[in-house]
Structures are given as structure tokens and as C-alpha cells.
Amino acid sequence: MQKVKNDIILAIVLLLTAVAGLLLYKTLQSTGEYAIVLIDGKESARFDLRADTEYVITTDKGSNTLVISGGKADITLANCPDGICADHAPISKSGETIVCLPHGVVIKIESGDKSSDEIDMVA
């Protein structure tokens, strides 16, 4: 019985630690300044999140409509087969992304004016 009680206490402590870590991460995550459009890993456009705009991203594989509004970037329309990118919630925090894999398009939020010639790849 004591072992089960200790397991429950351990599970609760781990859960609270995970929730606290997630809250800390979300609190410290900075609001982005730019929406970067990457096509096949190369930067093709950069938009200030403070200026509302609409931009059609056209590739040889299809098109996506990017809408910047209220400091958030959103793919509102895509002619890809699955449409996952259009179903994604708008993004505004540094490091967040929206990906349209069929079209090879990535929308990435960044802070500051550092250059993003290529998407950061994790090995």
C-alpha cells in the first residue's frame, strides 16, 4: 500500500513540475516581430507583424494565402490536399511555425532583425 501511495505522490510531483515548466516556457517566450516565409528552406519574404497585410505564396506545387493581422500570422487558404496549414492556429511568438509540407512552405516567427537565409535544421 505504501508503494502505491509513493507512486501516486511521484506522479503528482512530476505532473506539477511539467506544468510549471510549460508555464515558465510560455511566459518567457517573446512576442515575435517578423513572419518569415521560407520556400524549400530559403527565405522568400519577411513581413512585419505590426502591419496588417495579405500575401499569396505561390510555388510550383501550389499556393497558400498568408494573412498578417493583429500581430499574428495565419495561413487562411491553401490548395494542398490535406489543408493542415490552413487549420493551424495563428502564430505570434518567436520560434513558432506553420508548415505546409506539400508546398514546401514554412512560416516562421522571429524577433529582432537577424537574418534567416535558411531554416534551422535539427540533425
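Reader: What order do the strands of the open sheet have?

Author: Strands of a sheet pair through backbone hydrogen bonds, either parallel or antiparallel. Here, an open sheet of four strands runs in the order 2-1-7-6 with antiparallel pairing; strands are DSSP runs (E, at least two residues) numbered from the N terminus, and two of them pair if DSSP finds at least two bridges between them. Strand 2 (42–48) and strand 6 (97–100) are at the edges with a single partner strand each, so one side of each lacks a neighbour in the sheet. From one strand to the next, the twist averages 20 degrees (axes are lines fitted to C-alpha atoms, and angles run from 0 to 180 degrees between N-to-C directions). This is a predicted model, in which local features need pLDDT of at least 70, side-chain atom pairs count only at pLDDT 80 or more, and totals for chains, interfaces and linings use all residues. Residues are numbered from 1 along each chain as its sequence is written, and side-chain values use heavy atoms, without hydrogens and water.

Reader: Over how many bridges do strand 1 and strand 2 pair?

Author: Strand 1 (residues 34–39) and strand 2 pair over six bridges, in the antiparallel sense.

Reader: Through how many residues does a hairpin join strand 3 to strand 4?

Author: The hairpin between strand 3 and strand 4 passes through two residues. Strand 3 (residues 53–59) and strand 4 (residues 62–69) pair in the antiparallel sense over seven bridges. V56 has T65 as its bridge partner in strand 4.
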